[in-house]
Amino acid sequence: MSAFLMPTLGADMEAGTLVEWLKKPGESVKRGDVVAVVETQKGAIEVEVFEDGILDQLLVEPGVKVPVGTPLALIRKPGETPGALPVGPAQQAVAPIPRPVPTPAPVARAPEPPAGPRLRLSPAAAARAASLGIDPRGLHGTGPGGAITLHDVDASRLPKPAPHERPAPSMSPALAMRSAIGAAMARSKREIPHYYLGTTIDMAPAVAWLEDCNRDRPVTARLLMSVLLLKAVGCALKEMPEFNGYWVDGAFKPGAGINVGWAISLRAGGLVAPAIHNVDAKSIDELMEALRDVVKRARSGGLRSSELSDGTLTVTSLGDQGAAAVYGIIYPPQVALVGFGKLVQRPWVVDGRLVVRPVMEATLAADHRASDGHRGGLFLAAIARRLEEPRTL
Amino acid sequence: MSEDKNKAAIIDALLSVAPEVDPSTLDPNRDLREQCDLDSMDFLNFVIALHQALGVNIPEADYPELATFERALRYLNRHLDGSRSGLAP
């Protein structure tokens with residue numbers, strides 16, 4: 001019997017609210033099956049299980065907020081007897097919400113009025129405080145003359161948000177999304193020493209290759225430049241795996257696969273960067289299908305937890321309407337972010353002669369703890385090389 | 001009348017990728033991609049939607065003809081009138 005825990009949903013999400021269970025106790029599940037829907041600051045996410053087994057017990061009810069790591073359900077292996085573990089009230093799952101509980105911390109708040117040499121508290125309050133192990137000196141008294149009452153002792157046990165953490169009364173989805181993005185990006189800038197490199201890529205071969213390819217295809221089977229960008233990055237990561245992974249506990253941990261996150265702008269505002277798994281192993285056509293599918297689900301709210309947690313590097317392409325170059329912020333705990341700017345016509349030199357070429361600015365934002373500029377430059381060059389020879393993709 | 005059908009198809013295709021757009025405020029001569037904030041995936045889906053609604057397979061080389069609402073309408077009117085355009089579905 002094992003507990004299925006609320007998985008991590010990316011750097012900017014610490015909790016979600018369970019919306020519904022999609023499987024019932026007694027149903028068998030396979031690794032990767034979606035078992036529940038969780039509402040997060042980035043919209044509704046489908047949560048997948050990590051192992052095969054039989055769903056034994058559901059531990060959390062819909063409507064409950066679950067921090068990452070909370071046990072959601074018990075899964076048993078075939079042959080194990082169904083568990084008779086006591087199912088605690090749903091509130092137990094809520095307990096680990098990380099809010100500071102201002103129990104006896106005299107520095108947290110001074111009692112008002114300032115406590116004189118003798119602390120004024122009622123006998124009942126004194127007894128209650130003693131039984132709970134609370135130091136009454138840190139409590140705020142609402143009784144006569146600032147005396148601490150029984151109610152004050154009880155009230156001090158409820159978790160209250162510290163003033164600077166007080167959440168907005170009811171955050172709109174847009175605000176929640178902004179807050180999540182903000183938290184992750186602030187953390188990234190605080191913790192990751194970024195360095196930035198840029199290179200200009202001659203995209204004429206890629207543009208010509210795409211045109212040739214799409215000319216003979218019906219509109220439903222056409223490819224976008226985005227998939228060539230994705231594939232080039234995937235291939236470069238295979239060549240230089242030190243950019244494919246995470247910085248955790250002071251060291252680089254390589255990713256289990258090459259799962260490239262693709263930054264998707266949401267029409268209502270906001271940003272998600274779900275990962276496309278195993279980009280290096282997919283053909284261009286498979287990548288196009290995967291991209292089409294993930295964009296659709298990002299916009300309609302059907303992303304899966306593994307897409308939010310498994311990204312090993314993120315790509316942001318500001319495309320046609322955007323800037324010439326993007327110097328982005330790494331999505332922690334990844335160690336790099338690749339940016340692609342607008343495709344523009346520019347004067348270029350080929351064999352000593354001036355020509356006009358479509359070019360694109362590619363940038364790398366990288367974690368200086370995990371890599372240095374020399375390797376970063378080689379990584380960017382590997383991406384450029386692939387795009388300048390699209391047949392190798 | 002086929003022009004009305006084409007107009008409706010363009011609007012429906014646009015709304016399928018940009019649901020928050022108000023068709024009554026569309027500037028017929030302003031770039032559609034810029035006006036409705038369409039990226040390359042949106043634009044491809046827009047062209048696919050036109051294909052599904054009107055049976056017209058628009059080649060990539062003709063995408064510039066769809067730059068504005070007005071140009072797109074004229075293009076569709078031209079190519080779907082009598083369907084002797086060579087644009088096989």
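**View 1. The salt bridge between Glu20(B) and Arg267(A) in the predicted model.** Glu20(B) pairs with Arg267(A) in a salt bridge, with 2.9 Å between the closest N and O atoms. The term denotes a side-chain nitrogen of Lys or Arg within 4 Å of a carboxyl oxygen of Asp or Glu. Between chain A and chain B the count is four salt bridges. Side chains of opposite charge can pair when their charged atoms come close. The model is predicted: local features need pLDDT of at least 70 and side-chain atom pairs count only at pLDDT 80 or more, whereas totals for chains, interfaces and linings use all residues. Residues are numbered from 1 along each chain as its sequence is written, chains are lettered from A and ligands numbered from 1 in the order in which they are written, and side-chain values use heavy atoms, with hydrogens and water left out.

**View 2. The interface of chain A and chain B.** Contact (heavy atoms within 4.5 Å) links 18 residues of chain A with 23 residues of chain B. About 1,600 Å² is buried between chain A and chain B, and carbon and sulfur atoms give 50% of this area. Buried area is the accessible area (1.4 Å probe) that two parts lose on being put together, summed over both. Of the area that chain A buries against chain B, 41% is supplied by Val219(A), Arg222(A) and Arg267(A), more than by any other three residues.

**View 3. Polar contacts and helices at the interface.** Across the interface of chain A and chain B, 11 residue pairs are in polar contact, with both residues at pLDDT 80 or more. A polar contact is a pair of N or O atoms within 3.5 Å; within protein, one must be able to donate a hydrogen and the other to accept it, and residues adjacent in sequence count only if both atoms are side-chain atoms. On the side of chain A that touches chain B, helix H5 (204–215) and helix H7 (284–300) each supply at least two residues. H7(A) provides the largest share of that side, five residues. Helices (H or I, at least four residues) and strands (E, at least two) are DSSP runs, numbered from the N terminus.

**View 4. A salt bridge between two loops of chain A.** Lys77(A) and Glu51(A) meet through their side chains in a salt bridge, at 3.3 Å from N to O. Lys77(A) lies in the loop between strand S8 (71–76) and helix H1 (90–94), and Glu51(A) in the loop between strand S5 (43–48) and strand S6 (53–58), so the pair ties together parts that are 26 residues apart in sequence. Lys77(A) is partly exposed at 40% relative accessible area, and Glu51(A) is also partly exposed, at 25%. Buried means under 20% relative accessible area, exposed over 50%, and partly exposed in between (1.4 Å probe, protein chains only).

**View 5. The salt bridge of Glu307(A) and Arg304(A).** The closest N and O atoms of Glu307(A) and Arg304(A) are 3.8 Å apart in a salt bridge. Glu307(A) is buried at 6% relative accessible area, whereas Arg304(A) is partly exposed at 27%. Salt bridges with shared partners join Glu46(A), Asp293(A), Arg297(A), Arg304(A) and Glu307(A) into one network.

**View 6. Confidence along chain A.** The mean pLDDT (the predictor's confidence in each residue, from 0 to 100) of chain A is 85, and 87% of its residues reach 70 or more. Residues 86–117 of chain A stay under 50. Where pLDDT is low, the predicted coordinates should not be read in detail.
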